[in-house]
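Dear colleague,

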Amino acid sequence: MNSDLLDDMQISEPSSAQAVTSNVGGVIDVIVEEAAESERSGRITDRTVRAMRSAGIFQMTFPSRVGGLEMTLEDQVRVVSAIARVDGGSAWNVGVLNATGIYAGRLGDEGYADLYPDRDRPTSGAFHPKGVAEKVSGGYMVTGKWDWGSGSYVADHIIGGANVVANGEPLLRPSGKPAVVGLWLPREAIEHADNWHTIGVRGSGSSSYSIDKPVFVPEKWSFDREAPADPTADPLNKHVTLAFFGLTGVAIGLAQAALDLAVQAVRRKSGKGVVDLVSKRAIGQVAADIDTMYSSVLDIARRSDDVLFGTTRTLTPLEEMRLTICNVTAGETLRRTIDTCVDLYGSAFVFDGDPMQRVLRDSTVALTHAGAKRNQWTTLAELALADPVGLTLADSEVFAGGH
């Protein structure tokens, strides 16, 4: 760790969840200073990476059994949203590379020792489209092309998802579904495609990467990508869906950024005069909308944490789906926020370099992510309709106490 960098940023050794959360404030200035270059180059800058690594931001999810911080879902989303408030692309990197410790926790002891001699090893993962992993003695021969490789330019390790085949035939799980593994890919075999030229979230560096010629990956460097829920696993590995909950913070932070800029614009326009009632009402409505959304996301994260960290059970399907819906809810709030705040802001956002333009572009791309799609509501409804108590989405024990 670069001690000079720590001193310059006034951050502490990332030895606890509280230290990492506090360190976010120390790296914000660096992220702001580097945001334009990150956007121009299509990946976060080396300086930003060094700052984040020194602050421990990519170490949040390592299991406590290996000395990791094992930070709660609530803390993870707080960190990502704080960074998204100043730069969406940087926050997207944090949301994705935040899964580093979760991936590492799925390894056996030998694989973990190989790949994580220390926890400062940010790991990127992409799983679609799936590659092919031909089963051979001791491991797999792997080929594939993976899209949406967020953070892969700056990661120490890169993971790819692949369908497992043997003798040219797909291997099936006991359930009858295809076996899918996540694999730590040899860095030297990976080729990046220069195809991340986007409207927004450019700093995420989410280009495709590929391995054209089969390369060997030992079985100890793999994990079951679609493992069933496991109550005996580390809290953050009880469900494979927990890895990217932190990305919900991107929409939260972008909504707050849009409101910040709209408020500044209204103040400038009013000068020493009185702000008109229409603008006041619009600002108040947006502020309340964001506050309500963020509070509900944190509440659902907190209740999920209570189950994951405080009990020996897994989340019910409905409880698990509620975490997914947090992203949809944050996305819906972001859509409404952008619509109102752009009107309040005025026409300056049409010019390149304007801060509202970047927030608008980043929001457009963030909302294309599968986690923000409205069709997720259908799955929530199906689960809720199958459970008369769950239909209200309230805690079952609340109802039990009232009967």
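In what follows, buried means under 20% relative accessible area, exposed over 50%, and partly exposed in between, computed with a 1.4 Å probe on protein chains only. The model is predicted: local features need pLDDT of at least 70, side-chain atom pairs count only at pLDDT 80 or more, and totals for chains, interfaces and linings use all residues. Residues are numbered from 1 along each chain as its sequence is written, and side-chain values use heavy atoms, with hydrogens and water left out.

Across the whole structure, the search returned 25 salt bridges, each being a side-chain nitrogen of Lys or Arg within 4 Å of a carboxyl oxygen of Asp or Glu.

One of them pairs arginine 47 with glutamate 34, at 3.1 Å from N to O. Because arginine 47 belongs to helix 3 (residues 46–55) and glutamate 34 to helix 2 (residues 17–41), this contact ties together parts 13 residues apart in sequence. Helices here are DSSP runs of H or I with at least four residues, numbered from the N terminus. Arginine 47 is partly exposed at 31% relative accessible area, whereas glutamate 34 is buried at 15%.

A second salt bridge joins arginine 361 to glutamate 39, with the closest N and O atoms 2.4 Å apart. It links helix 11 (residues 355–366), which holds arginine 361, to helix 2, which holds glutamate 39, across 322 residues. Both residues are buried.

Within helix 4 (residues 73–84), arginine 78 and glutamate 74 lie four residues apart, about one turn of the helix. Their salt bridge has its closest N and O atoms 3.0 Å apart.

With kind regards

How values were computed. Helix = DSSP H or I, 4+ residues; strand = E, 2+ residues; numbered from the N terminus.
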